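Reader: I would like a close look at one part of this model. Please keep to the pockets and what surrounds them.

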Amino acid sequence: VAQMSNKLEVLMHTALALLCVAYGLIALALLLLYRRWQAVFLVLLPLSSSLLVMASLSIFSVPLNLFHILASFLLLGLGMDYSIFAYAGGEGESTQRAFGITLLLGSSFNLLLAPMITVLAKKTRTVQS
């Protein structure tokens, strides 16, 4: 158990380092794509979200683990999608609002339905065995 704990700790630190590299590479890609330093600020949306999540976990004394870091990669992807869409202009305010509502509802449904689907999958696996 101690060995597995140590390996997970190493994986967590490696994932955290890769997350930082991902932020840096995305910032560089934004600079190259838009040729404006202001575009680099688009990474602030997912970065702020990730930092607020980590701060919230810390406030509630939830120890950071590998899965928090892996979820931060998803926050990075979704945050970059949304901020690039908004930066590029989309099709106006109503389109941006629809995009945001779709992401909010979709992510909420994923969160709410995941336990039910997991239970269903386990029952199906048990029946097949």
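Which element gives the largest share of the lining of the second largest pocket, and how many residues does that element supply?

Author: H3 gives the largest share, six residues. The model is predicted, with local features needing pLDDT of at least 70 and side-chain atom pairs pLDDT 80 or more, while totals for chains, interfaces and linings use all residues. Residues are numbered from 1 along each chain as its sequence is written, and side-chain values use heavy atoms, without hydrogens and water.

The second largest pocket holds about 240 Å³ of space. A pocket is an open set of points on a 1 Å grid where a 1.4 Å probe fits, with protein on both sides within 12 Å along at least five of seven lines; lining residues have an atom within 4 Å of a point. Its volume is the space filled by probe spheres set on the points. Val 53, Met 54, His 68, Ala 71, Ser 72, Leu 74, Leu 75, Leu 78, Ser 107, Asn 110 and Leu 111 make up the lining. H2, H3 and H4 each give two or more of these residues; helices here are DSSP runs (H or I, at least four residues), numbered from the N terminus. By type, the lining has seven nonpolar, four polar and no charged residues, with Gly counted as polar and Tyr and Pro as nonpolar.

The largest pocket has a volume of about 290 Å³. Its lining includes Leu 75, Leu 78 and Ser 107, and these three residues also belong to the lining of the second largest pocket. Here too H3 (66-88) is joined by H2 (44-59) and H4 (93-128), each with at least two residues. H3 gives the most, four residues. Six lining residues are nonpolar, four polar and none charged.

H2 and H3 also pack against each other. Their axes come within 7 Å and cross at roughly 145 degrees, where axes are lines fitted to C-alpha atoms over the stretch in contact and angles run from 0 to 180 degrees between N-to-C directions. The contact (heavy atoms within 4.5 Å) involves Val 53 and Met 54 among the residues of H2, and His 68, Ser 72 and Leu 75 among those of H3. These five residues are found in the lining of the second largest pocket as well. The contact of H2 with H3 counts 10 nonpolar, five polar and no charged residues.
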